[in-house]
Amino acid sequence: MLAQSNWCQSTSDPIRISNFNSISTQLVISIKGCKKLSSALLRGYTNTPKPFLGTALVCSWRAYLGEKLETQKIMACVDQRYFLPEDALFLGFDSSTQSLKATVLDYNLHIVLSETVHFDSELPHFKTKDGVYRDPSGNGRVVSSPMMWVEALDLILNKLKKANLKFDKIRSISGSGQQHGSVYWRKGALESILKGVNPKDPLAVQLQDAFSTNESPIWMDSSTTSQCREIEKAVGGALELALLTGSCAYERYTGPQIRKLYQTQKDAYDNTERISLVSSFMASLFIGGYANIDETDGAGMNLMDLRERTWSKEALEATAPNLEEKLGPLAPSYAIAGNLSSYFVDRFMFDKKCLVIQWSGDNPNSLAGLALNRPGDLAISLGTSDVVFGITTEPHPGLEGHVLPNPVDPNCYMVMLVYKNGSLTREEIRNRCANGSWDTFNKFLDQTPPLNGGKLGFYFKEPEILPPLPVGIHRYQLSNYEDQAEGGVTTQNVPEFDAPSEVRAIIEGQFLSMRAHAERIGMPTPPERLIATGGASANSQLLSVIASIFGCAVYTVQRPDSASLGAALRAAHGWVCQKEGKFVPISQLYEEKSEDTSLTCKLAAPAGDKDLYSKYGSIMSERMKIEQELVEQIVTK
């Protein structure tokens with residue numbers, strides 16, 4: 001064991017190593033692999049000033065080994081780790097379709113507190129179903145009220161207060177917002193309302209007159225088909241728009257929604273001072289001013305030049321006049337949105353130095369919360385919508401899927417597939433076939449064989465994005481489906497399945513579609529690893545089906561709500577970037593210690609049988625043929 005006299009005495013407060021014998025072997029290993037050592041040694045030094053820490057470690061290594069070591073090399077290894085203050089807390093929110101969630105992380109990236117506000121049950125006066133209002137005329141219009149999100153924020157902060165959260169320990173805040181939704185601030189709202197909110201009153205009381213329209217179109221809206229085609233035509237076609245912005249025009253995207261407002265409610269558009277996404281809207285509340293749209297969420301609007309990460313003049317002109325001034329500038333996802341508004345300092349006793357980091361979309365925040373950083377990995381988010389996403393260094397936008405800047409790595413991109421029919425469609429089948437019981441639903445899933453005896457189903461409670469099909473159910477019975485010979489499979493349209501087959505048909509159908517479309521846009525199949533998140537990721541039977549269809553092991557994280565977890569992690573990341581005065585790779589906050597954080601992934605379902613994976617591939621091909629026929633039928637009508 002090292003004697004105290006062998007320690008470098010260059011500081012007035014010597015650093016002490018506890019339990020030194022247990023790591024002495026790692027010290028020797030460290031000279032060959034500094035990276036491993038620095039993680040092993042430094043976990044106990046989170047309180048140590050960084051310059052002292054490096055000096056003391058260099059001296060202690062020399063004293064132990066009795067050799068001349070390369071000080072610069074060792075200091076570089078030490079500098080690869082960024083430590084958070086021991087008393088620091090980091091707050092992340094997720095303003096999703098059906099709820100507002102909050103997650104608090106400590107300096108070790110452990111979850112110390114979480115709260116949720118459910119819109120339907122806790123804010124019933126907004127009369128939403130599943131957090132939204134659907135136009136009963138069937139025109140595809142789906143909206144929410146921005147005032148509901150404001151009131152939910154008041155409510156969740158009071159819940160955190162009752163849970164004795166130490167607001168004064170929170171160093172930074174960030175958040176997640178459902179992607180594509182838009183909020184329209186009226187002219188004069190910034191100066192007359194937002195900057196002058198009174199800490200004695202709830203925000204909801206003070207923001208009633210802040211908007212040029214009281215409705216926010218959200219990602220479930222499908223009422224802008226004509227606007228999509230107009231924008232695509234103006235820029236040279238769907239593929240040209242995809243190459244420019246990362247996606248062809250989709251009804252839920254913010255650009256077509258803005259164009260619709262301009263065409264149908266021109267007075268409201270003209271009276272709009274700033275257009276926010278849900279993410280930048282919530283950030284605006286926290287800074288008491290207009291927060292910028294971040295580059296990642298901005299890519300979900302059909303308005304941003306994907307590679308330049310600036311607003312595209314061509315796309316703006318195709319959408320609406322004077323649009324750039326209403327959008328404001330873009331900002332990197334790790335940037336500071338602003339300092340916390342005095343409203344929250346005075347009302348909830350936050351530290352006045354608390355930073356607000358740029359908010360981003362829910363899927364980008366999930367990517368952060370899952371610590372997804374390897375191109376061979378895939379993630380599936382199982383929520384109101386289902387989303388498949390991965391990362392790439394070489395974006396290739398096309399007519400399917402979406403490409404966005406990676407929110408935690410400016411040199412990478414994230415690739416996504418989005419399905420509107422997610423958990424709500426599964427719940428409808430559960431209610432109809434399993435008496436509303438997930439236990440019964442899972443029993444049916446267990447008792448039916450893989451491949452479902454050739455029964456294939458397409459279930460669209462909402463108009464689907466991928467494939468682009470309207471509301472409806474389509475069932476098919478395949479014969480000779482295990483026959484590999486060309487033309488050996490026959491397909492018959494059938495009116496119904498028995499309840500157990502219906503349950504397996506929706507589950508297999510959803511994930512066969514994901515695998516097929518993931519392969520078509522170049523995502524890795526089978527992936528090296530698949531991480532599942534979202535509420536349905538708690539269902540082990542469902543995860544087993546995913547493992548069989550994708551042919552790989554499925555992992556889950558500690559908290560199914562990876563979006564608010566990712567937002568809290570991004571709050572910590574933004575704080576470190578600000579402190580260091582430069583971009584810091586987010587992995588340096590948790591690399592080699594993820595087993596000790598709330599980012600830990602655990603095996604939930606082992607990889608399925610290789611032969612079964614191959615059989616699913618064959619039936620998947622038949623499913624895609626049927627899908628193409630359904631799409632062609634709609635086009636010709």
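Residues are numbered from 1 along each chain as its sequence is written. Because the model is predicted, local features need pLDDT of at least 70, side-chain atom pairs count only at pLDDT 80 or more, and totals for chains, interfaces and linings use all residues, while side-chain values use heavy atoms, with hydrogens and water left out. Helices (H or I, at least four residues) and strands (E, at least two) are DSSP runs, numbered from the N terminus.

Most peptide bonds are trans, and most residues other than glycine have a negative phi.

The peptide bond from Leu 466 to Pro 467 is cis, with omega near 0 degrees. Pro 467 lies in the loop between strand S21 (455–460) and strand S22 (472–479). Thr 525 and Pro 526 are also joined by a cis peptide bond, and omega there is about -10 degrees. The loop that holds Pro 526 runs between helix H21 (499–520) and strand S24 (529–533).

Positive phi values come next. Lys 127 is not a glycine, yet its phi is positive, near 55 degrees. Lys 127 sits in the loop between helix H5 (119–122) and strand S4 (133–134). Lys 127 is exposed, with a relative accessible area of 70%. Arg 309, likewise not a glycine, has a positive phi of about 60 degrees. Its loop links strand S11 (304–305) and strand S12 (310–311). Arg 309 is buried, with a relative accessible area of 15%. Buried means under 20% relative accessible area and exposed over 50%, with partly exposed in between (1.4 Å probe, protein chains only).
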